[in-house]
Amino acid sequence: MSASPLFLVLCSAEHEKIQMGAMIASIAAVSERPVRLFVSMNAVFSFRKDLPDDERYQGGEFSRLMRAKKAPDAITLFAQGKMLGDMSVHVCSMALEVSELGLDDLVEGLFDGELGLTKFLADAEGGELVFL
């Protein structure tokens, strides 16, 4: 019996939430569980390709600790999950429109395209949905 897909929604720019999403997604994907990631709202800004690593995330004490201890970067974890497992990453079309960003403004090679929330939620009916 194959595992049901995991649908993750990232809507916060908080480093800790993006990092947890990256850890959950990458581990699930390499454990042969399909992962569908949907990036929206403030999380979109953390995926801009023009951001230096030290400006990519905002967060609290745990964010500071992860940086000091050189924890694996969330963007790297998402990329590894895509490379080693069944993971797709889509950005919310409404979030792109409102933020005046385009796919070309986001981390190269990570996104599979734009997607509307209605379509994402319809797809998620066949799996487990998690909001971070």
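A salt bridge is a side-chain nitrogen of Lys or Arg within 4 Å of a carboxyl oxygen of Asp or Glu. The model examined here is predicted: local features need pLDDT of at least 70, side-chain atom pairs count only at pLDDT 80 or more, and totals for chains, interfaces and linings use all residues. Residues are numbered from 1 along each chain as its sequence is written, and side-chain values use heavy atoms, with hydrogens and water left out.

Seven salt bridges were counted by this rule. One of them joins Lys119 and Asp123, with N and O 2.8 Å apart. Both residues lie in helix α5 (residues 117–124), four residues apart, or about one turn of the helix. Helices are DSSP runs of H or I with at least four residues; strands are runs of E with at least two; both are numbered from the N terminus. Lys119 is partly exposed at 46% relative accessibility, and Asp123 is partly exposed at 34%. Here, buried means under 20% relative accessible area, exposed means over 50%, and partly exposed lies in between (1.4 Å probe, protein chains only).

Arg64 pairs with Glu61 in another salt bridge, the closest N and O atoms being 2.6 Å apart. These two residues are about one helical turn apart because they sit three residues apart in helix α2. A further salt bridge links Arg36 to Asp86, at 3.1 Å between the closest N and O atoms. This pair connects distant parts of the chain, 50 residues apart: Arg36 is in strand β2 (residues 35–39), and Asp86 is in the loop between α3 (74–84) and β3 (87–92). Arg36 is partly exposed, at 24%. Asp86 is partly exposed too, at 39%.

Cysteines were examined next. A disulfide requires two cysteine sulfur atoms within 2.5 Å. The count is zero. Cys11 is in no disulfide, and its nearest cysteine sulfur, that of Cys92, is 10 Å away. Cys11 is partly exposed at 32% relative accessibility, whereas Cys92 is buried at 4%.

The largest pocket holds about 170 Å³ of space. A pocket is an open set of points on a 1 Å grid over the protein atoms alone, where a 1.4 Å probe fits, with protein on both sides within 12 Å along at least five of seven lines; lining residues have an atom within 4 Å of a point. Grid points are joined across faces, edges and corners, and the volume is the space filled by probe spheres set on them. Among the lining residues are His15, Asp53, Tyr57 and Arg67. Helices α1 (15–30) and α2 (61–68) each supply at least two lining residues.
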